[in-house]
Amino acid sequence: MNTAPEPVVVDDLITETADRLFSELCTHEAVQAAEDSGGAPDIWGAFRETGFDLIAVPEDAGGSGGTLAEAIEVLRLVGYHSAPIPAAENGILGGWLLAEAGIERPDGLVTIVPPRAGDDGWSGGGACSAELAGDGSATLTGEAHRVPWARSAEMIVCVCECDGQTTVIAVPTSECEVSPLPNMAGEPRDTVRFDGATGQAAPAPDGADAAALAQRGALSRVALMAGAIEKMCQLTVSYTNERVQFGRPVARFQAVQQHLVWAAQDAALVRMAAEIAAREATRGDAPFEIAAAKLTANQAAARATKACHQAHGAMGMTQEYPLHHFSRRLWSWRKEYGSDAYWSAVLGDMATGIGADGLYPLITSGTAALQ
């Protein structure tokens, strides 16, 4: 007899606390200043005090506990408030990898080298080689590109193939040469050179390899994009209701209303996709849900930013107005952990691999149809 799976519920207190924290700290001026300086230590410090920086990392590994779905909800609010902090890298990516591999995490910030998919449409990653020593250490050589927040990190974590074995390697940033480089939104996406850098190494357990890291990375970007699109749409509705032209708010013009409807549809679609993917990933593997969610978010980001900027007109292009905090982040995040073409190909392979008879179950049941 089939039984319904246990529901995945996010505690409302988490949402309320994170939303209140970011509302107080992520002012327009604070986000602008972080872009100029490459970080926001005050915001990050307050975020760490809540324990949200290590949510979903087990308590016995130094984390705050909680579920992946709760971590994804926090990331949605990071995107909603354009909080300039490495919330994804420190917790559900770097912290998770260290916990799975049994490597002790440092007190400071942890970031990760994005896994390289080896195909077009994948931003970041690197060509690194590693040599294992018998004492549980490893030496890394090579270069990694677009490493998030590397300049601020105490430790950089990557997944490498060593002697036919998938290995998690954690290298102190002091062992590396970091060249600062921002993304389109001014967030650090640095180049890291490993010239004989020595770090801790441990075999990657099942479910903590490069493919799993890529899945979690894509899910993190979906959550961030869901929040950013939602807030961007709310800004647009408020602005078009306040902006008066020809004696009435511009939101009452049919052409503007069309932009508002398109943007609102995309905001709702991406948030739903993020919640479904987070729910299934909390229960177990969710390659179909995450692939579909990332493709949906990528495409929606392009449509929604176009609609919101059209509705704002020239105002949306000014530094003094916050719309660009969201649109530039969306343009950056949609390129990370897989482009439209990459995830379209992944979904296409799933659909063709399961065959004609399995296509409808794949659409309706997701990853469960592949098992």
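Mentor: We will take a few labels in turn and check each one. Keep in mind that this is a predicted model.

Trainee: Why is T167 called buried?

Mentor: Buried means under 20% relative accessible area. T167 has 1%, so T167 is buried. T167 lies in strand β5, residues 165–172.

Trainee: Which residues is T167 in contact with, leaving aside neighbours within four places in sequence?

Mentor: Among them are L132, C158, A201 and P203. Contact means heavy atoms within 4.5 Å.

Trainee: What does the side chain of T167 reach?

Mentor: The backbone oxygen of Q165, at 3.3 Å. The cut-off for a polar contact is 3.5 Å.

Trainee: Now E73. What makes E73 buried?

Mentor: Its relative accessible area is 11%. The limit is 20%, and buried means under that. So E73 counts as buried. E73 is found in helix α4, residues 68–80.

Trainee: Which side chain does E73 join in a polar contact?

Mentor: That of T15, at 2.9 Å. A polar contact needs N or O atoms within 3.5 Å.

Trainee: Why is helix α6 called largely enclosed by the rest of the structure?

Mentor: Because 25 of its 33 residues are buried. Helix α6 covers residues 210–242 and reaches 48 Å from its first C-alpha to its last. That is close to the 48 Å expected at 1.5 Å a residue.

Trainee: What is the phi of A56, and what is the phi of Y337?

Mentor: Most residues other than glycine have a negative phi. A56 has a positive phi of about 80 degrees, although it is not a glycine. Y337 has a positive phi of about 55 degrees, and it is not a glycine either.

Trainee: Where do they lie, and are they buried or exposed?

Mentor: A56 lies in the loop between α3 and α4. Its relative accessible area is 19%, so A56 is buried. Y337 is in the loop between α9 and α10. At 2% relative accessibility, Y337 counts as buried.

Terms used:
Residues numbered from 1 in each chain as written. Predicted model: local features only at pLDDT ≥ 70, side-chain atom pairs only at ≥ 80, totals over all residues. Heavy atoms only, no water. Helix = DSSP H or I, 4+ residues; strand = E, 2+ residues; numbered from the N terminus. Expected span 1.5 Å × (residues − 1). Buried < 20%, exposed > 50% of the residue type's maximum accessible area, 1.4 Å probe, protein only. Polar contact = N/O pair within 3.5 Å; in protein donor to acceptor, adjacent residues only side chain to side chain.
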